[in-house]
Amino acid sequence: MCQNHGVAYIKPGVVEVQSIEYPKLALGDRKCHHGVILQIVSTNICGSDQHMVRGRTTAPAGLVLGHEITGLVIEAGRDVEFIKEGDLVSVPFNIACGRCRNCKAGQTGICLNVNPSRPGAAYGYVDMGGWVGGQAEYVMVPYADFNLLKFPDKDQAMAKIRDLTLLSDIFPTGYHGAVTAGVGPGSIVYVAGAGPVGLACAASCHLLGAAVVIVGDMIPERLEQAKSFGCEVVDLRKEISLADQIAAIIGVPEVDSAVDCVGFEAHGHGADAGTEQPATVLNAAMTITRAGGAIGIPGLYVTGDPGAATEAAKEGNLTIRIGLGWAKSHSFYTGQCPVMKYHRQLMNAILYDKIQIAKAVNVEVISLDKAPKGYQDFDKGAAKKFVIDPHGLIPN
C-alpha cells in the first residue's frame, strides 16, 4: 500500500504533517467510478485556509487541508472517458457534479449534489462536504471528466507550473472579483487587500484593461509587491481617509469599481487599524465607489465565526451601510468563484504569455514538511503565495 501524508488542522494556530489514508476510488461504501486519484504536483496555501487555522471557523481537529490542487492522474475510474492516466490536470476547488441545475447553468460553486448540508463543496474545507483536502501527496477527485482541466502539453505546463498551479483557485477568484465588479478597458479600480487574492485580482484588472488599479493594505511589503507590477497603493494605517488617498492619486475621491479581497477578518482604517471591524471593507467600498458602480466580493464571509468580537458577528451578521449602497445604485456580487467559468481562458493567457501571475503574487515553492512554517509566515503577513511541492517535481 502506498503511503500518503497531508497537512492537518490540529487546533488554532497549529497544523501538522501527518500520515493519512491513501485515497480510494470510493464515496463512503460505494465505488466512485467517475473519479481519479492524483499524485499531487503542487498544492497551495490559501488565505481561506488561514481563517480555519486561526480558529475563526468551526473546522474540526484533524481536517486535512488544501483545496488548490494540480496533479498527475495515476488511476482513473471505470466511467472516466476523457481524462487518462498520465494527464497533468488542474483541479477547481469547487467540487461539482455536472448534473444538477446549478452546474448546468455554470454555477459550479453551488453544486446541489456534493454537500448534504448546503449548496457547494470544496476539498479540505469546513462545512464544505467533508471532502479530504489536497495539501498531501495523493488525493481523490470525483466527477473527473467534468471537473478537471487537462493541460494540453505536459512539458510546456511543467515549465510554467508556478503560474498554472494558481488556476485551481486564486487566479480565477481574483479575476472573478474583477469581472463581477465590472472592470474593463479604461476602468479605475480599487482592490481592498494585497494578500495573494488581492494581488491576483489587481493583475487581473490589468489583464482586463483597467487604466488605474489602486490597492489598499496595511502591510508595507504587500503594498510594495503590488507596486512591482504597476499598481498604485494606499496605506490604510495612515490618518488620511481612503477617499482622500484615492483623490491624491486620480484627482477625485471615487472609483468605477471596487473589489473586496479581505473578507470577514477586516480591520479598521487609520486609528482603528489595530481593531477588527468586519464590515469595514464593505462600507469603505460603498463610500468610494461611484454611483452606478459595482462591488465584487470574493473575500470570504462566514455564517459561523466563533472568534468574532460580537454575538451578531459570530453568526455572520454585520453592520453594513446597505442604505448607502442602495442610494448609489451599487451592484454587489458575492459568493465563491465558479472556477470552471474562467480557468481554460486563464490557462491560455498563461501559456501564451499574456500574464505572469506567479510573479505578481510572488510564488515561493516549499516542500510538504515546510507547510507548517509556511502557515506561520503567511499569518505574519508575508508578501508571498506559498506553493507546496510534495514530490519535488517542480523545476527550479
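Me: Which residues in helix H13 (residues 343-351) are buried?
Reply: His343, Leu346, Met347, Ala349, Ile350 and Leu351 are buried in H13. Buried means under 20% relative accessible area, exposed is over 50%, and partly exposed lies in between (1.4 Å probe, protein chains only). Helices (H or I, at least four residues) and strands (E, at least two) are DSSP runs, numbered from the N terminus.

Me: Before we go on, what sort of model is it, and what are the ground rules?
Reply: This is a predicted model: local features need pLDDT of at least 70, side-chain atom pairs count only at pLDDT 80 or more, and totals for chains, interfaces and linings use all residues. Residues are numbered from 1 along each chain as its sequence is written, and side-chain values use heavy atoms, with hydrogens and water left out.

Me: OK. What follows H13?
Reply: Asp353 follows H13, and its phi is positive, near 60 degrees.

Me: Now strands. In which sense do E5 (residues 36-44) and E6 (residues 69-76) pair?
Reply: Antiparallel, over seven bridges. Two strands pair if DSSP finds at least two bridges between them. Gln39 has Leu72 in E6 as its bridge partner.

Me: And how many bridges join E6 to E7 (residues 88-91)?
Reply: Four, and those strands run antiparallel too. Thr70 is bridged to Ser90 in E7.

Me: Zoom out. How many helices and strands does the protein chain have?
Reply: The chain has 15 helices and 17 strands. Its radius of gyration is 20 Å, close to the 21 Å from the globule rule for 396 residues, so the chain is as compact as a globular protein of that length. That radius is taken over C-alpha atoms, and the rule is 2.2 Å times the number of residues to the power 0.38.

Me: What share of the 396 residues is buried?
Reply: Buried residues make up 56%.

Me: And what share of the contacts joins residues at least 24 apart?
Reply: 70%, counting contacts between residues at least 6 apart in sequence.

Notes:
Contact = heavy atoms within 4.5 Å.
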